[in-house]
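The points are grouped by topic, with cut-offs given where a term comes up.

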Amino acid sequence: MSRKEKELYTALYKILGVWPRNIQYYKVALMHKSLGHRDINPKTKRLGKRISNERLEFLGDAILDAVVGDLVYRRYKGKPEGFLTNTRSKLVQRETLGRLAQQMGITKLIMVSGRSIQHNSYIGGNAFEALVGALYLDRGYDACMTFWNKRVMGEYLNADKIAYKEMNFKSKLLEWSQKNKVQLEYRMVSQRQDENGSPIFDYAVVLNGIVCLEGEGYSKKEAQQMASEKTLNKLRADKAFADKILVVQLEQQGSETEEGKNVGIESFMKVIAAEQAIDELSLDDVSAKELSREDIIAAAEAAAYSEKEGVI
């Protein structure tokens, strides 16, 4: 066994908590498609099919759904299906898996065609799923369950705080826009691929027809979250920008009624109320703070119902 292979065994043991039996599964799990690597036909000695972690990624995604679904079902006894589905999806979403890949050291093991992928949560999340697929083939379902419960949940993730993750930038902006009757939409600006062939999305927040800030990400949701965060920060920091949005809103409201055509005390009070809403806009509660487990679960359950009804 070469020194490089010994290092891989050791690195995988630190990540998974068990020694690999068939190292080939894990090697493939860490191969990004950009490598263009091909297997060799033992009979003809010719290059065969391309090898990448995409098939293992597919398998790992299914195993993670089962493992995390089992965990959520047992952990939150008596909770309805909507809450369970919402919580599971947040635990295994691309951004979460990408961060795990970075924190656990998976990202630096990924073999990409000579390019750094430290910034790319999309590739990291895919490799995490592929590694779970490799672990399943190598050691079975129970090993995957133990890995998730002891290594991931035991050291890196707080399930209850993740369950409350719906309080995010996108939902915060939606909450503010609904409260102030501001029309909110997300508009795709562009879509392209990075040097490794992964899709990159660019979305802009549009408030009352005014194009605001743009965000970029390896998924539509990630791009919209980034755009929402930038817009929220600008609303709080730039009074002229906020006034521009609110003036358009007041003009739209005024054109709908005869009373709104005249600028009087009522219109003045609307301006004051709208400006106060900007002043009160806070991002302190975007992520879960020190709440009790019961409060977190209740809030997450409410978010699940809202999402199901199309509110979020």
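**Briefing on the predicted model**

Ile-123 is found in helix 6, where helices are DSSP runs of H or I with at least four residues, strands are E runs of at least two, and both are numbered from the N terminus. This is a predicted model, in which local features need pLDDT of at least 70 and side-chain atom pairs count only at pLDDT 80 or more, while totals for chains, interfaces and linings use all residues. Residues are numbered from 1 along each chain as its sequence is written, and side-chain values use heavy atoms, with hydrogens and water left out.

- Ile-123 counts as buried because its relative accessibility is 2%, buried meaning under 20% relative accessible area, exposed over 50% and partly exposed in between (1.4 Å probe, protein chains only).
- The C-alpha atoms of Ile-123 and Thr-107 are separated by 8.1 Å, although these residues lie 16 residues apart along the chain.

**The chain as a whole**
- The protein chain has 13 helices and five strands, and buried residues make up 44% of its 312 residues.

- Leaving aside neighbours within four places in sequence, Phe-147 is in contact (heavy atoms within 4.5 Å) with Ile-15, Leu-16, Met-104, Phe-128, Val-132, Leu-135 and Val-152.

**Helix 3 against helix 7**
- The axes of helix 3 (residues 54-75) and helix 7 (residues 141-155) come within 10 Å and cross at roughly 60 degrees; such axes are lines fitted to C-alpha atoms over the stretch in contact, with angles from 0 to 180 degrees between N-to-C directions.
- Helix 3 contributes Ile-63, Leu-64, Ala-66, Val-67, Val-68, Asp-70 and Leu-71 to the contact, and helix 7 contributes Tyr-141, Cys-144, Met-145, Trp-148, Asn-149 and Met-153.

**Helix 5 and the residue after it**
- The buried residues of helix 5 are Glu-95, Thr-96, Leu-97, Gly-98, Leu-100, Ala-101 and Met-104.
- Just after helix 5, Gly-105 takes a positive phi of about 90 degrees.
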